[in-house]
Structures are given as structure tokens and as C-alpha cells.
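Here are my notes on the model, as numbered points. Have the structure open while you go through them.

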Amino acid sequence: MISSQAARREPSGHPALEAQNLSVSFGGLNALQGFSFQLGYQQIGGLIGPNGAGKTTCFNLLTNLYQPTEGNIKLFGHEIKGAPSYHLFRWGLGRTFQNIRLFHRMTVLENVLVTQPNSSFFRTNHQHRKEALDLLDFFHLADQAEKKAGSLPYGAQRRLEIARALAGNPGVLLLDEPAAGMNPSETSQLAEQIKEIRNRFQVSILLIEHDMHLVMGVCDYLWVLNFGHQIAQGTPMEIQRNPAVIEAYLGRKERSEC
Amino acid sequence: MNHLWRKKKFFLGGLFTLLLFVLMHSLIQSGLVSRHIQSLSVPVGLNMILALSLFLLVGMLGELSLGHAGFMSIGAYAGGLFSKAMVQVIPVWIRFPLALCVGALVAALLALLLSVPVFRLKGDYLAIVTLAFGEIVRSLVINLPFTGGAAGLKGIPKDTSFSFLYWIVVFTIWLTMWIYSSKIGLEWRAIRDNAIAAEACGIPVVSRKRTAFVVTASLAGVAGVLYSHHYSILTAEVFGFNRSIEVLVMVVLGGLESAIATAVSAFFLTIAPEMLRFLNQYRMLIYSLVLIIVMIGRNTQWEKPKWFQQRRENA
Amino acid sequence: MAFVIAMINGINLGSIYALIALGYTMVYGIAKMLNFAHGDVIMAGALSVVVLVQQFHVHPALSIFISVIFCVALGVLTEKIAYKPLRNSSSLSVLITAIGVSYLMQNLAQILFGSSLRSFPKVFRWPSVILGSVEFKMDRVITIVVTFILMFFVLWFVYRTKIGLAMRAVAQDREAAMLMGVPIDRIISITFAIGAALAAVAGFFYGVAYGFVGPYSGSMPGIKAFTAAVFGGIGSIPGAILGGFLLGLAESMVKTFISSELSDAIVFGLLIVVLLIKPTGLLGKEIRDKV
């Protein structure tokens, strides 16, 4: 299917990631209902909505951890619905998790080495280690490369998870609440870093986030979910003015929060 | 820098194993080592191989097997039957390596067969299937027509020599360490730490688990062949549930993190019961008590003594 | 006729397995551990009856009660001493500790009573009941009846009493139960006590059925009952009962009609097949990982 790395790097006329009419229900509850979106080439998209709106469910459908009851998913124009998660990663769809899922008993460096696509079956060589260390350096983790991942502080673990996904050289990166548990200064650093990631690694990014400063400051385009339905979409400016969003999501009189 | 250090370490390790071999070999040749200690070298070597092979599965992949002895049994019988049939046909220096291959291959094949459906199961269910597998092997071996039944398979040529055993143990240690830091070892450990993240990070979890299972089984098969070609007689009871547990204890007490620690643990746990022989009937009692105390002690968060804390604060 | 006899033997054997499997499954459900020493509690129960009757000339009926009390004490003590310190450790550490406890019990029994098998006292001297051409041995009938009574008691206890409610709460979510004021330690102790009491009764009937008991007699029925618990879906109480009876019946049928030597292989093979078709056992629930 998607074979060459180059295909992901050049705009091909297709959106980086698109979903049509994505739906899933668990035991009668419609966790996601007819959600469609198109994430453009090197765009940063945001998926927002109150708790239980179906955001993480959407990520799990995109990475095939859950199977959608309906709908199509395309990565760079190729249909990927039903392909196993590990294939999706190799085809260029990397992700992080809401509740951090690092390989906690492995070292920071090993966490990155393990996802490198071109390292062979055999011992990881010098070149791979250098690439991995460069990547860790970008995330200010290089000096902790030999520590166990589980021993890192919370913020560093979140950054390592992004680094791990990027080591796979993805075309699209899904970030599930990357700023959760971070303090305000860490969060604003992260905002800068997300933009840098887009430019340096030439990836399209779709992120779920509750921190509105981060979302409004970073995203080019937003989709708003509530109870599994999309209630709005648009640029951050449009979303901030959208009365349906203000009512359903931000609360009636608390506009100042955004 | 790192690169050079690794080469140096490899060289030093090789030199050390060679010197150790020369030392042990000459000690045995000169008769300075008593017959009793000499005979201990075989169970020590076998247990090291078994523990290291199980370490791949339990320590690196994080899956529990309670039927490891089953694969050893298969290897022992396959290799033993092969050598018995070929004893007049092929000279020993080809026959024995071939027997090792046969034992490893047959064990690997059965592991592959078992692994195709089994990795749909998780956690304790895999443990129970391997347990059941071990019991099936034991029960079949007693009842099949060509295994000598309960009386045992006799007359296997005594091909396992000290040097052969030594170098296979060395090879197993090297292999385990190599796998640990190779890409596939990284992938196994990633699966152990978080299977869902591993899958989402491009690792085909089920297929990697199968590989680990097959490698583990084939090494156990090799240990089985070495066993059968040392003792020359095989009975199914040797490879029962207790044997699987014994090896598992070695692996767990080895700490589940390093190949060397696993080998050391296997070494000490094999000779410990021999050292405790003077305790007679209380031997296994002490062993089990020590096992419980070690497990509890290792998993307890000891509070630092008061004087220690105070001193730190003063400093 | 052979079929009816095999049926009765199977139900008899199944009763013993079910009683042991209940202990496994309850401990697994509530303490989340595989108690490998559970099989040796059976041995302790049976051996204590032998010693009481033969050496101290206690009346058999009384000896059962003493052995139940002894096993309950044994079960609760091992939990307090060996398993409680490991409550937050990896399941592998707990498993190895349980194996240590199992070795300890076996070796203690061997040192105290010797390694040879001892003959179990003939407890039931009543004549068999004969219906048509089928002979119902009295000990079989009693085993089955007592097992059914005990099983209904356990089901009533777990599903109809307040302690049972607390047990189910702990099984579902230990932390939440603790926050709601459920005394976790006491509930786990009660679970071990019930498991051990059932094991003592099972040990008694095992001795009656086989006639001999030794220090290692507990391990094989232990392993089989454990597989029965998995067979039925570990953690599920009705599953353990169902699994126990099915395993007993399967073993008895295979022994009678196919091969007594290969019965273990066939029964364990059956277990693998069932698990492959239904990976969580017959009545087990699938647990979904939250991502």
C-alpha cells in the first residue's frame, strides 16, 4: 500500500488523514456518530469537546484499536480501515496515549530505538543510536537517555511518548492530551514544540486537548465533539465565536476561560 | 567511544570464558576435582540453559510458562531416539550435533504448532495452557509405543562431554545477551511493558510472541538432548511439573532483568540443595523457607533506619 | 451399565474438583492471585483426619470438624504471613511465593509423617444402595450430597449476604471498595478461610475415594482443580462448579471408555481446545482494556 517514505513528504493532493462518517457504538451507546474530518498536509488539527464526547474513541478507531461499525478512514488517500495497528504505524500513523503508555522498564533511549523503522532485526547500530539521541536532544531528554523511562518525571514522560512516535518517522501524528498534568510553563513550552515538530519533521498533527490556550494557540483547524456528534468545526477564531460550542462546551457564561 | 567499549567488553568476555574453560578442563583432567563436584557440572549447565531460555519468555516477553519441562522432554526424546537409531550409522562428531539440531527442531516445531492458536489467550490463560501441554507431553511419553514407557528409554549413547556442555552454555549466555539488546529483544521487552502501545508503535505483537515461544522451546529442546546424552536413560517423570517450576524459580530469583543474573541464579540454586545435603531431610524445608523469605524481602519497601535519615539531613 | 457407573464416578470426582476449584476461583477473584499452595491444603486436611483417627482415636465425624478448623487456620495464617506482604507486588512474585508455601507444606508433612502413603480410615461403613443392577456406594452418595449442600451454601453466602456483597465489591474493584469502607484485609481472610474449609472437606472425600494419602497427594488434584477453575472461567463461582463437574465427568468417561493411561492427556487436551474456542473459559467474562 503506502510504501515509500517520500510519498508522505510531498503534498499529493490527498489530505494527510481523512475520515468519513465514522461511527461506533458500545452496547447501544453511540460513542461516535457519523464523524467526518479532513486533516490537511502539515496541518495541526484539534479535536475538542467535553469529557466523554468521543475524542479518544475517535483516536482508537483511527488506529484500529476499536473497529468502527461504519465509515472509512484514509491515510494519504489510501483506505486503511481494518488494517492492524502495527501496520498503520509503519505506514506513517503515530500516536500517543491519554494515560501514558511508555515501555517503563526500558531505558529512554531504548524506547526510541524500538520504534525506528529502518533498524534491522539485528543489533541496533551506531547510526541508529545517533539518530535516536538527536531526536531525544530535540525533546531535551538526551542527558537522561540511559535512565528507565518509568523513572522520568511526568512532563518528560509525555515528551518521550511523542519522541517515541516520531522515531517511527510518521506522516501523521495523533496526540492524545499531550499537556495533561503539565504546569502552565511546561504547557506553553509544549505549544512551541508542537509547532516545531510540524516544521522539522514535516508531519500533520491531530491533537486532543482540554487546555484552551494551547488549542487556540497551536491549531489551524478545530472539530468540536459532544456526545459522539460533531457540533462545530472551523478555525479557532470561528470556534470561539460559535454559540453552539460556547453553550455545549465552554459553558454559558464562562467565555473568559478560553 | 561506546562502540569501542563494546568491542573491548566482547573481547574480554571471550578471553574470560576461554581461560575458565582451560582451568576447569585441566582441573577435571588432573583429577583434582572430586567425582561428586564433576557430576554436578551437568545439572548446573543444563539448568543454566533452561533458565536462560525461560528468561527469554518470562523476563523479556513477560509471558508465564508452566510447561517448560515439556519442551525439554520433547527435545530429550527426539534427540535420544535419533541417536539410538543412528548410533551405528553416523560417527559421533556429526551425530551429536545433528541430535542437538533434531531435538531443537522438534521442540520448536511443537512450540510453533501450539503458539498459532495460543497467543490469542492472555496472562494466566497462557500459563494454564503451557501447564496442560507439559502434562500432556508427560502422559503421552509414558504411553507411546516407541518411548520405552514408564520403564524409560535406555541405551542412548553418552555423547555429552564437559567441553561440549560448557561451550553450549557459553553460547546460550551470549545468545541471550545478544537478543536482549537486539531489535527483536527490544520489541519483546516493549510488549512486556505495554502490549497496546507496542502494537501502536509498529510491533506485530502476536507474531513476536510466537517467535519468542519458539526460540525458548528450541533452547529447552537442546537442554533436553544434552540431558538424555549424559544420563543415557530417560523417564517421563523427570520432566514433570516440578521441573518447570524449579526452572521458573531460578528465573524469577534471577531478577527478570539480565541474562547474567539469570545464569548466576541458576548456578546457585542448582548447587544450593547439594550444599545443604548435610541438612538431610530438612534440606527442602530450608529451601522453601528461604524462597518465601527472599520473595517477601525483595518486595517489601524497607524503611530507612532513623539514624540513617538523620545523618543524611545533617550532611 | 458401565455408563451409569462412570457417570456416578465422574460426579463423585467432579464434586471433589468443584470443591477445590471454588477455593482457587474465589481467591483468584478477590486476592487476584493463583494460590498454588491450595492443593496442599487438601493434603493437610486429609492427613490430619488420618492422624486424628489412627493415632488419637478420635471419632471420624469429629475428626472432620477438627481438620476443617485446622485447614482454616492454615489457610488464613499463610495468607497473613506469606501473601499479605506481597499484595501490591507483581503476580509473578506472588506465584513464586505460593509455590514456596506449597513446597513448605509438602516438606513439613513429609518430615512429620514420613513420605509413604498412609491408608485412609474406612469412615462410611453403611451398605451400598442397589437400584436395579446398579450399585450406589454410600460414600459416593454422601460425597455428592454434601458437596451440593456446601455449594449452595457458598452461592448463598456470596450472593445473598452482606459479606458476600463486600466480597464481590472487592473482586470488582479493590480500591473503590476500600474507599467505600469495605475492610479489605478481613474480606480476604474470610475468602481464604472459606477456600481452606472447602479444601479440607474435599481432602476428606479425596481420602475416602482413593483410600491413601501422602505428603504429595494434594498436588495432582490441585492442578486438576485449578484447570477446572480456568475451564469454567477463573474468578467465576458458578464457573468453578461447572468446570469441576465437567472435568470430573470427562476424566471418568475417558478412563472408562477410551484409555485410563491416556486420560490425563485427553482431559488436558480438551482443556486447551475449550480455551481456544472460548479464551476466557466457559463462564468467564471478557475484560476489555481501557485505552
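1. A word on terms to begin: helices (H or I, at least four residues) and strands (E, at least two) are DSSP runs, numbered from the N terminus. This is a predicted model, so to speak of local features we need pLDDT of at least 70, side-chain atom pairs count only at pLDDT 80 or more, and totals for chains, interfaces and linings use all residues. Residues are numbered from 1 along each chain as its sequence is written, chains are lettered from A and ligands numbered from 1 in the order in which they are written, and side-chain values use heavy atoms, with hydrogens and water left out.

2. Start with helix α5 (residues 126-138) of chain A. Asp134(A) and Lys130(A) sit 4 residues apart there, which means about one helical turn separates them. They form a salt bridge (a side-chain nitrogen of Lys or Arg within 4 Å of a carboxyl oxygen of Asp or Glu), with the closest N and O atoms 3.5 Å apart. On relative accessible area, buried means under 20%, exposed over 50%, and partly exposed in between (1.4 Å probe, protein chains only). Asp134(A) is partly exposed at 39%, and Lys130(A) is partly exposed at 47%.

3. Now for a buried pair in chain A. Arg95(A) and Asp176(A) make a salt bridge at 3.9 Å, N to O. The pair links distant parts of the chain, 81 residues apart: Arg95(A) is in strand β6 (residues 93-95) and Asp176(A) in strand β7 (residues 172-176). Arg95(A) is buried at 2% relative accessible area, and Asp176(A) is buried at 0%.

4. Chain B has a salt bridge between Arg95(B) and Asp159(B), with the closest N and O atoms 3.0 Å apart. Arg95(B) belongs to helix α4, while Asp159(B) lies in the loop between α5 and α6 (162-181), 64 residues apart. Arg95(B) is buried at 6%, as is Asp159(B) at 13%.

5. In chain C, look for a network of salt bridges linking Glu79(C), Lys80(C), Lys84(C), Arg87(C) and Asp185(C). Over all chains, the structure holds 19 salt bridges.

6. What about the contact between chains B and C? With contact taken as heavy atoms within 4.5 Å, 41 residues come from chain B and 43 residues from chain C. The count of salt bridges between these two chains is 0.

7. How many disulfides are there over all chains? Counting pairs of cysteine sulfur atoms within 2.5 Å, the answer is 0. For Cys201(B), the nearest cysteine sulfur is that of Cys58(A), 19 Å away.
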